[in-house]
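Here is a short briefing to read alongside the sequence and the 3D view. Take it topic by topic, and find each element as it comes up.

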Amino acid sequence: RLEGVFRRLRGHGTLTEDNIQEAMREVRMALLEADVHFKVARDFVAGVTEKAIGREVAKSLSPGQQVIKIVHEELVALLGGNTEQLRLDGRQPVTIMMAGLQGSGKTTTSGKLAAMLKNKGRRPYLVPADIYRPAAIEQLQVLGDKLGVPVHPSTTDTRPVDICRQAMVAAAEKNYDTVIIDTAGRLHIDESLMSELKDIQEAVQLSEILFVADAMTGQDAVTVAEKFNHDLAITGVVLTKMEGDARGGAALSIKSVTGKPIKFVGMGEGLDALEVFHPDRTASRILGMGDVLTLIEKAEAVVDKKEADKLAKKLQKSEFSLEDFLDQIQQIKKMGSLEQILDMVPGINKLRQLKDAPRPNEKELFKTEAIIRSMTIAERRNYKIINTSRRERIARGSGTALADVNRVLKSYSEMLKMMKKMRGKPGALTGMKRRK
Ligand code: GDP
Ligand code: MG
């Protein structure tokens with residue numbers, strides 16, 4: 001829905017109060033639809049409006065893109081800016097306690113986290129401290145067995161705080177470096193649960209208290225997060241079930257309300273479905289725009305809009321010379337690796353799953369660059385003059401084989417042919433540009 005507004009914003013030279021107001025109404029709707037708390041949405045929009053009014057529009061961006069950029073920047077900042085690491089330094093074993101309501105994903109996340117840490121070379125120890133729910137201990141035991149991670153032999157007749165004390169002793173004895181305590185949850189916040197968790201907090205030195213919340217529960221999760229943070233002073237948040245329809249609004253609200261960083265997101269039931277939280281990705285998701293924004297940022301940094309327009313015209317007229325080709329390679333190199341750039345194009349992942357999808361090949365790209373660099377200006381402007389003796393010279397000069405030079409020229413001439421064919425199909429070549 002946002003894209004429409006931003007398209008309308010285009011054509012204005014500077015950001016004015018009116019065109020920003022219109023865009024902000026839509027932004028607020030998008031936030032509410034993404035399950036952001038209304039107060040958070042209101043404050044957010046006010047902050048962005050203030051920042052946007054009067055801001056000069058960057059040369060390479062349209063006003064619409066400029067607003068997207070400001071909105072996106074602010075969202076990222078609100079979501080915590082950078083990704084946050086777990087605190088694993090200090091005296092070993094370090095201890096991580098999971099807390100949250102029943103069904104939020106504490107046990108599953110304990111397993112996922114153990115898997116992640118084990119992969120990083122740590123020696124995790126899983127501690128079941130939910131003695132109420134039938135089979136809760138076994139649930140963690142099964143996960144531990146699957147992962148090859150040791151699980152503390154908790155029993156339902158031991159108080160959770162005693163289980164944790166004993167587990168710390170056992171972990172130190174066996175030289176485990178990371179203790180993960182999986183606690184009990186209730187369907188609703190309840191004082192006896194809180195005091196049980198506080199007891200553990202007092203008895204054991206906790207490096208992290210991760211509040212685990214189900215992203216699908218939206219606003220409810222916010223109230224619960226506030227309470228857990230108030231009582232336990234949580235150190236971070238894990239949002240589970242983020243792979244579904246949840247658009248990440250809960251992330252923004254929980255971060256705003258607790259001030260605590262979101263450290264991980266659960267993206268599925270599998271034990272490998274835990275990801276480090278990326279504020280920028282979630283910001284894009286909240287805005288419903290894929291990672292296009294990241295692409296805009298990168299492109300903005302390196303591609304001059306005028307240059308891009310010139311190039312698009314050349315492409316349409318099939319005047320794309322080998323010199324232009326070289327320029328393109330330079331631009332691409334500045335933007336990062338080809339893989340990274342492709343990752344940001346919406347829909348590309350579906351394409352990539354196709355078996356014989358072309359893979360970007362960086363080595364080839366650099367070889368191509370070397371080859372074009374070894375050509376004279378005249379050759380770059382008119383490839384047809386490049387006869388066999390010239391080809392041999394170019395190969396020697398660029399340290400490649402004659403076959404490499406032939407291949408570059410062949411794919412270049414094929415590209416020209418393809419461009420001729422595409423001419424007259426509006427948008428066929430400028431699809432990327434239009435999306436910006
Ligand atoms: P606990 O009561 O807090 O310990 O919650 P559990 O770990 O037992 O998880 C409750 C349910 O949520 C289980 O069916 C899990 O498989 C599921 N679950 C946990 N994390 C995720 C997630 O990231 N995505 C999805 N789809 N399901 C999850
Ligand atoms: Mg559990």
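**Confidence first**

This is a predicted model. Its chain has a mean pLDDT of 80, and 74% of the residues reach 70 or more. Over residues 344-352, however, the pLDDT is below 50. That stretch still has nine contacts in the model beyond near neighbours in sequence.

- Where pLDDT is low, the predicted coordinates should not be read in detail.
- For the complex, the predictor gives an ipTM of 0.99 and a pTM of 0.66.

**Helix pairs**

Two packed helices are described by the angle between their axes and by the distance between those axes.

*α5 and α6*

- Helix α5 covers residues 106-119, and helix α6 covers residues 136-147. They pack at an angle of about 25 degrees, and their axes are 10 Å apart.
- Angles under 35 degrees count as roughly parallel, so α5 and α6 are roughly parallel to each other.
- The crossing of α5 and α6 is right-handed.
- From α5, the contact uses Thr107, Ser110, Gly111, Ala114, Ala115 and Lys118. From α6 come Ala136, Gln139, Leu140, Leu143 and Leu147.
- Sorted by class, the contact of α5 with α6 has six nonpolar, four polar and one charged residues.

*α7 and α8*

- Helix α7 spans residues 160-174, and helix α8 spans residues 191-203. Their axes come within 9 Å and cross at roughly 25 degrees.
- That angle makes α7 roughly parallel to α8.
- Which hand does the crossing of α7 and α8 have? It is right-handed.
- On the α7 side, Pro160, Val161, Cys164 and Arg165 make the contact.
- The contact of α7 with α8 has five nonpolar and three charged residues, but no polar ones.

*α9 and α10*

- Helix α9 runs over residues 219-232, and helix α10 over residues 249-258. The packing angle is about 30 degrees, with the axes 9 Å apart.
- The two helices α9 and α10 are therefore roughly parallel to each other.
- Their crossing, α9 with α10, is right-handed.
- Ala221, Val222, Ala225, Glu226 and Asn229 of α9 make the contact with Ala250, Ser253, Ile254, Val257 and Thr258 of α10.
- The contact of α9 with α10 has six nonpolar, three polar and one charged residues.

**Backbone details in loops**

- Where does Pro93 lie? Pro93 is in the loop between α4 (63-78) and β1 (94-99). The peptide bond from Gln92 to Pro93 is cis, with omega near 0 degrees.
- Ala233 sits in the loop between α9 and β5 (236-240). Phi of Ala233 is near 50 degrees, a positive value in a residue other than glycine.

**An annotated segment**

- UniProt, in an unreviewed entry, places the feature "domain: SRP54-type proteins GTP-binding" at residues 261-274.
- How much of residues 261-274 is helix, and how much is strand? The chain there is 0% helix and 43% strand. The end C-alpha atoms of residues 261-274 are 16 Å apart.

Notes
Residues are numbered from 1 along each chain as its sequence is written. Chains are lettered from A and ligands numbered from 1 in the order in which they are written. This is a predicted model: local features need pLDDT of at least 70, side-chain atom pairs count only at pLDDT 80 or more; totals for chains, interfaces and linings use all residues. pLDDT is the predictor's confidence in each residue, from 0 to 100. Two residues are in contact if their C-beta atoms, placed from the backbone, lie within 7 Å. UniProt positions are given in the numbering used here, feature names are shortened, and annotations may be inferred rather than shown by experiment. Helices (H or I, at least four residues) and strands (E, at least two) are DSSP runs, numbered from the N terminus. Axes are lines fitted to C-alpha atoms, for helices over the stretch in contact, and angles run from 0 to 180 degrees between N-to-C directions. Angles under 35 degrees count as roughly parallel, over 145 as roughly antiparallel, 65 to 115 as roughly perpendicular and the rest as oblique. A crossing is left-handed if the near helix is turned anticlockwise from the far one by less than a right angle, and right-handed if clockwise. Ala, Val, Leu, Ile, Met, Phe, Trp, Tyr, Cys and Pro count as nonpolar, Asp, Glu, Lys and Arg as charged, and the others, Gly among them, as polar.
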